[in-house]
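Take a look, and then let's walk through it together.

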Amino acid sequence: MDVAYHSPTTSWHALSAEEALDRQQSHPRGLTDEAVAERQRRFGPNRLPQARPRSAWRRLASQFANLLIVILIVAALGSLALGAIVDAIAILSVVAIIALVGYVQEGRAEQALARIRDLLAPSAQVLRGGRRQEVPAEALVPGDIVLLESGDRVPADLRLLEARRLRHQEATLTGESLPVDKGTAAVAENAELGDRSSMAYAGTLVAQGSARGLVVAIGADTELGRISALLGRVEPLRTPLLRQLDRAGRVLATLILACAIATALVGVLLHGSPWPTMFMAAVGLAVAAIPEGLPAIVTIGLALGVQAMARSRAIIRRLPAVETLGSVSTICSDKTGTLTRNEMTAQAIWLPEGEFHLDGIGFAPEGAFHRVDDGKTSPAPLDLDDQHALRHFLNVGVLCNDAELVHEDETWRIHGDPTEGALVVAAAKAGLPVVQTRRHHIRHDAIPFDAGRQYMATLHDMEGSPRLLVKGAPDRLLAMCHRVRTDRGEDSLELSLWEQRLHALSDRGLRVLALAEKPLSSRLKLTDEHAESELVLLGLVGMLDPPREEAIAAVAECRAAGIRPVMITGDHGVTARAIAERLGFANTGRVISGHEIESMSEAALIDSVMTVDVFARATPEHKLRLIEALQSCGEVCAMTGDGVNDGPALKRADVGVAMGRQGTAAAQEAAEMVLADDNFATIVAAIREGRKVYDNIRKTITFLLPTNGAQGLAIMVAVLCGALLPVSPLQALWVNMAVAVTLGLALAFEPGEHDLMRRPPRKPDAALLDLFLLWRVIFVSTLLLLATYGIFTWIHDMQGGALEQARSGAVNMLVAGSAAYLVNSRYLIQGVLSWRGLFGSRPVWVAIGLIAVIQLAWTYVPVLQRLFGAAGLAPMHWVVILATALAVLLIVEGEKALWRRRA
């Protein structure tokens, strides 16, 4: 019979240990060497498949897959063929700079798959032929018997055959923050991944205990391998800005190309101009109209946003993610460690005498106890000296417990299970000497916690006689108790009353444990029979992984900004809803589980994702489906996560946000942004910065395009009229680059508008330039065209100046007019005719001063004069140019005033 481990339909968790061994044709003593060799040949090594990264030359070649770049290259080659070597070199140099910027921007190649491969253990302890031996993890085969100890990383997917006090940390795979109990009993076939207690999955950690397991899946067939495959298949989305720039670039390139060809044809056919001259005129029009500096400006603007976000502890791994943050409409967040502190805390204790509330959150032993009467917490701290039952309850919680509270590096930490740690912290808050209590009441025997029995029991001497102490699941312990201990002594157990109390704590989203005891006549070797009857109930304790205080404020600010937070967690629904309500989520009336997601059609899921904010017991496939469903509704999604299980959704999301402290390296590599402080509030700061960056990029584009438009229109008008070109192609290229690297950069430093976080999210399909901004570009282009052509005509025709001098005047007029319009562009609608409006931006005036120095050098330095065909200007020329630039500023301000009046 064939080994069927690789069948995706095999539910190993639902098979008994004997059935699993039979399916794998294995034995508890392990495989023989011959069987191992045969299976290694058949199934290959236990490692994840590696995808070949894109080569450096392919990354570089992709930078030229842009129609605007192609037009520039054709123009350069044509100029070279006609002998215009300087023009060709200049154009090609600009193309090289643009390509280099794009190449560097892409950064490092994707390494998420490599990071996931690192999670596979380098070696494993196995039984083969009855002998224990250590082998490389890659050498494991289906049917191998693997031995696990505390601290081991599981090397393959295992069906557990033996488990001794076994607990696994599966947060990286399931999102569950606490170690989960493992056993050998089969579970339901439809059990969620986090509920398959009979399985140990590759890449998870053994938190406690030891085990023996049967290898049922290796390499790509493991749960970890399925996530790796998901991550490899997921296509990352292009950001809204990149899509808009691509679309605008294609439209602009087509328009420029059509205008250049039409202009050249008119010159040749209508005016009889030589075709080489008209080709160079077409080249000049293309070079003048194409905003060569725009890609660099956008990249620098995004880079400035990256630096600002880094100062706020948000590390951006991919530049375009900066602007995408500005349009985020939904944040899909994991719960554990992201919205919560990942520190289990006892919050309520219910004894026969009543309920008690505990102050404080986290592992720090700071906080008081308060009595709760009729659901109201008394503000006065409780005097624990008079609370003998409560002190006894806390002592039992410390003794029937293996966790330790330590103070390391000025931080309180728990060594051991966080749930047990919460009991130790509660006792420390009450001032009980934990270490001395354990020394005084020595443990004589113990029954370790097991998922099957659902309790832990220990034997101590207390009050002069042996006593059995039990801690475990409340449903299980209530069935084992027949009486309850009060301050007055033992009393009969009202089961219905305690079930009501249990449900009341559970409805708050608390994880509940029960504590009980039983006097013994003598010290005995403990068995299950001693613990499972005639117990005396002490009380219940409710614990919660508390939400971060800063996350509560961040959720409120997100909602005010029109951003919807959604919780997608591997935890239970009741707990997830309680945390969501405390955080201030909007739609917490319904919680959808992983089972429901699996049974939903795509249409039903799409209907649900817009009305439900909490999704529980979610697997990696569920998270990916939810992200895709939200995106199909037009949502721009950010996804926060820290585990390997979050990788596919992080990559598919518009912005993947990984945790820096508690996040896995694989999650960080799959994400666009990493939170260095794991603080949900940092996302809000990043979104604010993203909105500012987009605003400034939009202002910059609105500023740059009129300069290109004016140059292109000037050349077109000259050819159509059969007149001289007011600027040469090389001069047009100079103006584009000089304006872009000086004036164009200034707007990237503008502070954000005051209402940034009170606007609704920007729609991803919204036009980069709406009708208003398009009008502004056309209006200012026309103003600069009239000014530029006016100065050229005045110097050349009216003053009889040389062509070189007239073109120098035209170029300087174009630059001066652009500098004036830069001041206008600080506010799109609001006026700038105030001290703050004119002089409130230091970067603007630094840029104007820099371009003034550059243009003086361009105009008067002999080498530059010969290179660009320029000539010096007289003082009167400068007076007229500056006066005209001032007129441009005032006319644009007048146009703004008309818009304000209409509004």
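Let's begin inside one helix: Trp775 and Phe779 are four residues apart in helix H29, so about one helical turn separates them. Helices here are DSSP runs of H or I with at least four residues, and strands are E runs of at least two, numbered from the N terminus. This is a predicted model, in which local features need pLDDT of at least 70 and side-chain atom pairs count only at pLDDT 80 or more, while totals for chains, interfaces and linings use all residues. Residues are numbered from 1 along each chain as its sequence is written, and side-chain values use heavy atoms, with hydrogens and water left out.

**Aromatic pairs**
- Rings of Phe, Tyr and Trp (its six-membered ring) pair if their centres lie within 6.5 Å; planes under 30 degrees apart count as stacked, over 60 as edge-to-face and the rest as tilted.
- That rule gives nine aromatic pairs.
- Phe772 and Trp899 have ring centres 5.0 Å apart and planes at 85 degrees, so they are edge-to-face.
- Phe772 belongs to helix H29 (residues 771–798) and Trp899 to helix H34 (residues 875–902), so this pair ties together parts 127 residues apart in sequence.
- For Trp775 and Phe779, the ring centres are 5.2 Å apart and the planes at 25 degrees, so that pair is stacked.
- Trp734, Trp858 and Phe868 form one aromatic cluster.

**Burial**
- Buried means under 20% relative accessible area, exposed over 50%, and partly exposed in between (1.4 Å probe, protein chains only).
- Phe779 is buried at 18%, whereas Trp775 is partly exposed at 37%.
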